[in-house]
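Have the structure open beside you and try each task before reading on.

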Amino acid sequence: MNDDALGDFLRSRRARIRPEEVGLVSHGRRRVPGLRREEVAQLAGVSVDYYVRLEQGRGTNVSDAVLDAVARVLRLTDTEAAHLRDLVRPKRDRGRGHGAGAREGAGRTVRAGVRTLMETMTGTPAFVLGRRMDVLAWNALADAVSGFSAMPEGERNAARHTFLDPAAREFYTDWPAVAAETVAYLRLDAGRHPDDPLMASLIGELAMKNETFRRLWADHPVKEKTHGVKRMRHPVVGDLELGYETLALPGAPDQLLVAYTAAPGTAAAEKLAVLSSWAASQDGLGTAAEGDHTKADNPPSPGRG
């Protein structure tokens with residue numbers, strides 16, 4: 001990851017705003033687009049030196065009032081404002097070494113109750129995302145839709161799949177939107193865990209191997225993964241459009257339960273019913289977690305989406 005994440009983020013947000021949008025008169029030619037540092041400082045009510053030190057990561061004990069003023073001037077969304085706070089006041093992981101490793105292992109463990117809940121959701125594809133968008137567990141219908149069990153063990157990661165698996169571009173009919181959403185959430189997660197070496201390794205791998213990822217990452221998008229629509233071209237049922245809802249799991253702050261939805265009576269619901277029957281016919285498919293070998297190692301893959 002770029003060590004100058006705070007400065008890059010603020011510069012990218014300054015570049016989005018034209019002076020005339022905030023009531024300033026632009027004189028002469030500008031070397032860079034958007035607001036200058038001194039203009040942000042003026043509008044936020046702080047000294048230029050103070051803002052420069054903030055953007056350079058040298059600000060200490062920055063107050064909520066200042067961060068709120070900067071967020072207002074740069075027209076940050078609530079998610080972007082929270083990301084700014086994460087960058088200014090990084091929550092450093094404590095207890096490196098064995099302790100940190102133990103917490104990482106615990107963060108990958110999906111509670112038995114959550115797995116049982118997914119098992120009961122027979123008509124709803126559901127899976128659990130962990131840190132760095134690792135896919136930790138899924139039910140049979142989610143596997144039928146996305147082919148998680150066909151992914152190599154240790155590489156079940158939504159971001160890696162999106163950018164490094166050639167099948168993803170064919171599977172997602174609006175792949176550019178999926179790619180942008182993936183980077184925006186990964187940026188948010190990286191800001192929350194600045195000392196995560198596995199995150200740094202993943203970002204480095206994606207940046208090295210995929211030009212689209214490099215371009216999107218440089219734009220510093222940040223967005224929560226809350227709800228939306230996924231459009232897929234499934235090899236069994238054809239074009240499939242599903243809504244999705246993302247729920248934070250109480251007691252597991254780094255885990256999200258993602259459920260795909262389809263309104264009753266729609267074509268999507270009918271296709272999910274077909275996939276449910278198809279999944280039931282597959283030997284060994286069911287709720288699983290990475291490292292669980294109670295199911296078939298290589299079931300038919302619908303597209304790894």
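**Exercise 1.** Find the salt bridge between lysine 230 and glutamate 181, and work out which elements it ties together.

*Solution.* Step one: the side chains of lysine 230 and glutamate 181 meet at 3.8 Å, N to O, where a salt bridge is a side-chain nitrogen of Lys or Arg within 4 Å of a carboxyl oxygen of Asp or Glu. Step two: lysine 230 sits in strand S3 (residues 227-234) and glutamate 181 in helix H11, so the bridge ties together parts that are 49 residues apart in sequence. Helices (H or I, at least four residues) and strands (E, at least two) are DSSP runs, numbered from the N terminus. Step three: lysine 230 counts as buried because its relative accessibility is 7%; buried means under 20% relative accessible area, exposed over 50% and partly exposed in between (1.4 Å probe, protein chains only).

Before going on, a word on the model: it is predicted, so local features need pLDDT of at least 70 and side-chain atom pairs count only at pLDDT 80 or more, while totals for chains, interfaces and linings use all residues. Residues are numbered from 1 along each chain as its sequence is written, and side-chain values use heavy atoms, with hydrogens and water left out.

**Exercise 2.** Which strands pair with S1, and in what sense?

*Solution.* First, S1 and S5 pair in the antiparallel sense over four bridges; strands pair if DSSP finds at least two bridges between them. Phenylalanine 127 has valine 258 in S5 as its bridge partner. Second, S1 and S2 pair in the antiparallel sense over three bridges, with leucine 129 opposite valine 135 in S2. These two strands form a hairpin with five residues between them, and arginine 132 in the turn has a positive phi of about 60°. Last, look at the side chains: Ala126 and Val128 point one way from S1, Phe127 and Leu129 the other way, and all are buried.

**Exercise 3.** Describe the largest cavity and its lining.

*Solution.* A search of the whole structure finds one cavity of 30 Å³ or more. (On a 1 Å grid over the protein atoms alone, a cavity is a set of points where a 1.4 Å probe fits but cannot get out; lining residues have an atom within 4 Å of a point.) The volume is about 200 Å³, meaning the space filled by probe spheres set on the points, which are joined across faces, edges and corners. Of its 20 lining residues, Phe127, Ala158, Tyr172, Lys225 and Lys230 lie nearest the centre. Strand S1 (126-129), helix H9 (158-164), helix H11 (175-192) and strand S5 (252-261) each supply at least two lining residues.

Definitions and conventions
1 Å grid on protein atoms, 1.4 Å probe; cavity = no way out; pocket = protein on both sides within 12 Å on 5 of 7 lines; lining within 4 Å.
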